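I opened the file to look up a few local features. These are my entries, in the order I made them.

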Amino acid sequence: MKVTIDNITIEVEPGTTIMQAARQIGPEVAPPAMCYYEPLKASGGKCRGCLVKVTAGSEKDPRPMPKLVPSCITQVQEGMIVENTINEQVLETRKGIVEFLLLNHPLDCPICDQAGECHLQDFSFEHGVSKTRTVEERNTFEQVDLGDHIQLHMNRCILCYRCVYTADQITDGRVHGVMHRGDHAEISTYIEKAIDNDFSGNIIDVCPVGALTDKTYRFKNRVWFTKPVEAHCDCDKCSGNVTLWYRGEEVIRVTGRKNEWGEVKEFICNTCRFDRKKTSDWTIEGPSKVSRASVISANKYGANTIKPAFPIKQAAEQYKKIDDNRDRSFLAPQKQLN
Ligand code: SF4
Ligand code: FES
């Protein structure tokens, strides 16, 4: 099927979603995804971060879709025309989505282990506004230990459901989920029952924010001071293909390998993740190719950020409106220019 996204036309298989088609074109036009996670069935449709404008539904019915649609769950049609980074309404809406996701999210990036790898941090940098309009108190929760290795900071959770799908799809007998609804909703094991199956650590990797943290790594270092290295071992539970994160000579963290969208390629077992922290446990393959989603990526905030033309135009217009003869008597005397 032919679909056009931001004036670039591509042919894709029937059943492809707008998000998948955009990803096939490349990161310049791929919508941000906070809840969609390709390896997990049924993920997506929760965060609304990926809303796009469909300006023509299909060749047969070229009418625009009346509302913005979530690109991660909307399938393309023959002749569909989609606008993402070139549509003002989409970009304005994303500002609102960021504001909404941050309503209850603490701004504790300076002490959060996810900082530098956080999709919400990227999303707000690329699409948010730099001020808040809310004065209300944020929801707060106690930190919860989910077994020996994982800690839940519910304060930071954006209810994307990725960890729930992960537990459902790669482990036996999921023991956690989203309890309650609306602004009472929270991730919980209900009776704080430990998540103790062999693959539970993967919920840390899929969490887009710092809500699920690795207790063996917490507060050890900022990610941009660490060096990722690809390594493998002969494991009888998983593929044994991992990324080792070094601080000097020390392995301080083991994670699954991720693709360019920050999604795990192969889920790994807890033994590899939590118990194999010595270089001698691994066969080293070489330095990791740093993904665009990583803060370690050179010029991450330059080369990969598309600054849409219209905010720049708007800024230029606002700039022109500044009156050089305005009253400056409010300035302290030493700062007065005239
Ligand atoms: S804990 Fe993380 S992965 Fe789970 S729902 Fe919350 S934000 Fe998503
Ligand atoms: S990524 Fe599409 S709704 Fe969350």
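The model is a predicted one.

Entry, annotated stretch. I took residues 89-128, where UniProt, in an unreviewed entry, places the feature "domain: 4Fe-4S His(Cys)3-ligated-type". Over residues 89-128 I read 55% helix and 0% strand, with the end C-alpha atoms 14 Å apart.

I traced an open sheet of 5 strands in the order β2-β1-β5-β3-β4, and its pairing is mixed. At the edges I found β2 (8-11) and β4 (69-70), each of which pairs on one side only. Helix α2 (residues 88-101) packs on this sheet, where it touches β3 (51-56) and β5 (80-83). The direction of α2 makes about 160° with that of β3. I then went back to β1 (residues 2-5), which is antiparallel to β2 over 4 bridges. Lys 2 has Glu 11 in β2 as its bridge partner.

Entry, Leu 103. I located Leu 103 in the loop between α2 and α3 (119-127).

Entry, ligand 1. Which residues are closest to ligand 1? I listed 14 residues around the ligand, and the closest are Cys 157, Cys 160, Cys 163, Cys 207 and Ala 211. Sorted by class, the shell around ligand 1 holds 13 nonpolar residues, no polar ones and 1 charged.

Entry, helix α4. Cys 163 came up again here, as one of the buried residues of helix α4 (residues 162-170). What do the buried residues of α4 pack against? I found β9 (186-188), α5 (202-206) and β10 (212-214).

Entry, strand β14. I checked the 5 residues of β14 (residues 283-287) for burial and the number buried is 0, so this strand lies largely in the open. Strand β14 pairs with β11 (residues 227-232) in the antiparallel sense, over 4 bridges. Within that pair I saw Val 229 opposite Pro 287 of β14.

Conventions:
Residues are numbered from 1 along each chain as its sequence is written. Chains are lettered from A and ligands numbered from 1 in the order in which they are written. This is a predicted model: local features need pLDDT of at least 70, side-chain atom pairs count only at pLDDT 80 or more; totals for chains, interfaces and linings use all residues. Two strands pair if DSSP finds at least two bridges between them. Helices (H or I, at least four residues) and strands (E, at least two) are DSSP runs, numbered from the N terminus. Two residues are in contact if their C-beta atoms, placed from the backbone, lie within 7 Å. Axes are lines fitted to C-alpha atoms, for helices over the stretch in contact, and angles run from 0 to 180 degrees between N-to-C directions. A residue is near a molecule or strand if its C-beta atom, placed from the backbone, lies within 6 Å of it. Ala, Val, Leu, Ile, Met, Phe, Trp, Tyr, Cys and Pro count as nonpolar, Asp, Glu, Lys and Arg as charged, and the others, Gly among them, as polar. A residue is buried if 20 or more other C-beta atoms lie within 10 Å of its own, exposed if 12 or fewer, and partly exposed in between; C-beta atoms are placed from the backbone. UniProt positions are given in the numbering used here, feature names are shortened, and annotations may be inferred rather than shown by experiment.
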